Every structure is written in structure tokens, then in C-alpha cells.
Amino acid sequence: MNSFVRGTLLLVIAAFFGECLEFFVNMILARELGEVGMGLYMSILPIIFLIVTIASLELPISISKFIAEKKRETHFHMLKHTLFITICFTAVFIAVTMIFLPYIPVFNGYHPYVKWLVIILIPIVSFSSIARGYFMGIQHMGKIALTNFVKKVAQLFLLLWVYQSFQFDLQMALFIALATLVASELLVCTYLVAVYFIHFHMLGKGPKQFLDGKVVRKALLSVSLPTTGLRLFHSLTHAIQPFLVKAALIGAGFSSVMATEHYGMLAGVAMSIGFFPAFIGHSLMTMLIPNVSEAFAERDQYRLVRLLKQALMITFLYGTISIVAMYLFAEPLTHLFFHSTSAANYLKLLWPYFLFHFFIIPMQAYLIGLGLVKDALFHNIWSHLISFAMMYLLGSIDFLNMEGIIIGMNMGAVLLMLMHYVTICKRLGISVYFMVTRLSY
């Protein structure tokens, strides 16, 4: 078993148990918050993740790519300059967030301390990003797998303990749900940063090759900025989506409360179940970025094609099995959250959206490793523009409503996957059937 498959298998096992725990977390939240509360929780999460994306500056990806491509002697100075960049950026971003966050109207319907939770989360994410990127780059996937699992365990037990020990109104219950998320991130950050500094101290004692700060900044930002732009666009679309869906449903004749409830069933139930198997895709993504980056730097086309075949085969196997299982058992799965036939119907209709997204995740990692982050960004922009337009137009039709929205979502996923796949084949100089035709780099 090669190192790619071994590392992927380790991440998949840990992520599976982590996703099982996430499933239980969402069940607890659904029962404690109710349909309206779950809709409010799912509506605020994209805004928080948008701020977190900016705070991370996509350092895990850029650092892992740099570490995989460069010799060990260069790592100490690279990490030293990265730490300085992170400290400066975090200080500025916290200041900017504290100034502008009170004026974001989305937070008005939530507990006033939710804003402070977001500010606390910024340095946690920033510094844990350095450690994650370093361990991904040297392919110490055990630490990544452990922290992902521990984070879910901590969040689950905190929720169980607090909700069973105390009674809260809806606003405070929402605050507790978000506070447990931040607390679990803090726990993981503490461990990662502690182990990271042990490695950093060891690198300082070994042989070192000097790197200029400008070289490091250029190398990191050439990956971080376009990747952050991609993630920002992704987070922005997720932040806009709840309001787009609700506006379309209101246009179709739904009341505001009914629109919130149906979005809660779509995002909090159907999409939680549908994306459950995606932990395998994210494990593939974590392994693919450093492996593809290393193979591309060495101009090893045989290895690049082999990695693509392995990633697509793994995705096809788990994706088809997952989709069939979700379609056949939609009712009992959704009834774990709410006793609603609508949620089960949404889960069945969304099968193309989930299946093609399973393929999109490793393909996006492949594009990053090949230095095609800008292509991935443009693909996302075009697919989301078309998807959102169709979601609103079809969702506003009274006899389609939620079904029209789901048609638009499915259309966007198919388009994005096809654009990613064709671009990868073109870059590698292979046909869509993996027959090598030429070297493109």
C-alpha cells in the first residue's frame, strides 16, 4: 500500500468517526433549537465561516504546498517568516473586524455576545492554520486526523452537558451552540500549536538554508491569495444562499417563517445527511495537495495520472454507494432530525448535487496542486452565477418552489465538476479516458 493510499485511509477512518459525531451534534441541535432555531443556526454559520476563511488566509494549503515542494533545510526560515506574517495579519484583521462587525445586520437577531465569539475565533484559526499546513506538508496525517476527531468529541460532549444541565430560551441556546464550536476549536488549536513549536525548535537545531522574507511571502501569497479568493467566494455564496432561497420561496407564496423552516430542512437536514460521506473527499483533498504539488514540481506525469485515477476511483465507489443508500433510506434518515416528508423528498432530489460535489472536492485539490487556483475560482464564479439565477427563477414559480431551487443547485454542481475535469485533463495532456497525448507543462 503506497503512502498516498495509507495516509488517505488514516484520514478517512478518523474523519468517519468525526462525521458520525457531527451527525449526532446536528441531531442534538435540531431537537434543542427546533425548526426555526435550526434555520437561524444554519443561516449564521456561513457568515462566521466567511470571517474564519479570511482569518486562515488559506495558510494550510500554501504552507503544505511549499513544504512538499522544498527541501527540509528551508523549512525553518519559511516557518519563521510565516509566523511573522500571521501575527501582523491577525492583529490587523481583529481590529478591522471589531470596527465593522457591529454594523453587520445579520447579527442583530442573535445574542449580543455572538460577535465576541467571532472575534475570539480569529486568532484561534490563524495560528492553528500554520500548524495544520506544516503537518500536512510533511504528511504527518495522524496529527491532522486526531485533531479533527477530538474537535467533534469536545463539541458533542459540551453540547450534551450544557443542554442537559440547563434550560435556555432560543437566543441563548443558539449562543451556546456557537460557543461550543469555538471552545472545541480552541482545544484543538492549543494541541496543534504546542506540537508545532516542538517541531519548529527541532528544525532550528538542524541544518538550515536561509530564505529571504520576500521570497517566502511571494511563494505563500501566490497560492494563499487566489485560494483565499476561492474560499471567500465559496463562503460568500453560502452566506447569500439562505437569503436567496428565502426570497425565492416568499416570491412563490411562502410566508417568512415557512421559508425559514423549509431552508432549515434543506440545509440542516437534507444537506447534513447528503454531505455526510464527503469526509472521504476532504481526506482525499488533504492528501492530494502535497502529493500533487510534489509530483508536479518533479514533472512526474505518470504519478500525476495515477493519483488522478486513484482519486476518481475512490470517489466513484463511495459516491455511488452513498447516493443509493441515501435514496433508499431517505425517510428513516431524515426522521432522525424531524418527522417531515419534505426533508426526505429534498434529500432524494438532491442526489446529483451530492454526487458531483464528491468529485469536485478532490478535483479542486488537484487544481491547487497543479497551480490552477485561478481556473478553479473562475469555474466557481460561472457555475454559481448560473446556479443562483436558476434557483431564484425556478424557485419563485409557485408550483415548483423548493423543487425549482433544487434543480438550480443540481445544475450548478454538474457544470462545476465538468469544468474542473476538462481543465485537469488539458493541463496534464491527457484525454478524458486517461490516454496520454502530450506534456502540457
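**Pockets and packing**

Student: What volume does the largest pocket have?
Tutor: About 210 Å³. Keep in mind that this is a predicted model.

Student: Which residues line the largest pocket?
Tutor: Phe16, Cys20, Phe23, Phe24, Ile273, Phe276, Pro277, Ser322, Ala325, Met326, Phe329 and Leu333.

Student: Which element gives the largest share of that lining?
Tutor: α1, with four residues. Both α1 (3-56) and α10 (301-328) supply at least two.

Student: How does the lining divide by class?
Tutor: 11 residues are nonpolar and one is polar.

Student: How many of them are nonpolar?
Tutor: Nine. One is polar, and none is charged.

Student: Switching to helices. At what angle do α4 and α6 pack?
Tutor: About 30°, with the axes 8 Å apart. α4 covers residues 114-137, and α6 covers residues 170-205.

Student: Why is α4 called roughly parallel to α6?
Tutor: Because angles under 35 degrees count as roughly parallel. The angle of about 30° therefore makes α4 roughly parallel to α6.

Student: Left-handed or right-handed crossing?
Tutor: Left-handed.

Student: What residue classes make up the contact of α4 with α6?
Tutor: 22 nonpolar, two polar and two charged.

Conventions
Residues numbered from 1 in each chain as written. Predicted model: local features only at pLDDT ≥ 70, side-chain atom pairs only at ≥ 80, totals over all residues. Heavy atoms only, no water. Axes fitted to C-alpha atoms, helices over the stretch in contact; angles between N-to-C directions. Parallel < 35°, antiparallel > 145°, perpendicular 65-115°, else oblique. Left-handed = near helix turned anticlockwise from the far one by under 90°. Nonpolar A, V, L, I, M, F, W, Y, C, P; charged D, E, K, R; others polar. 1 Å grid on protein atoms, 1.4 Å probe; cavity = no way out; pocket = protein on both sides within 12 Å on 5 of 7 lines; lining within 4 Å. Points joined across faces, edges and corners; volume = space filled by probe spheres on them.
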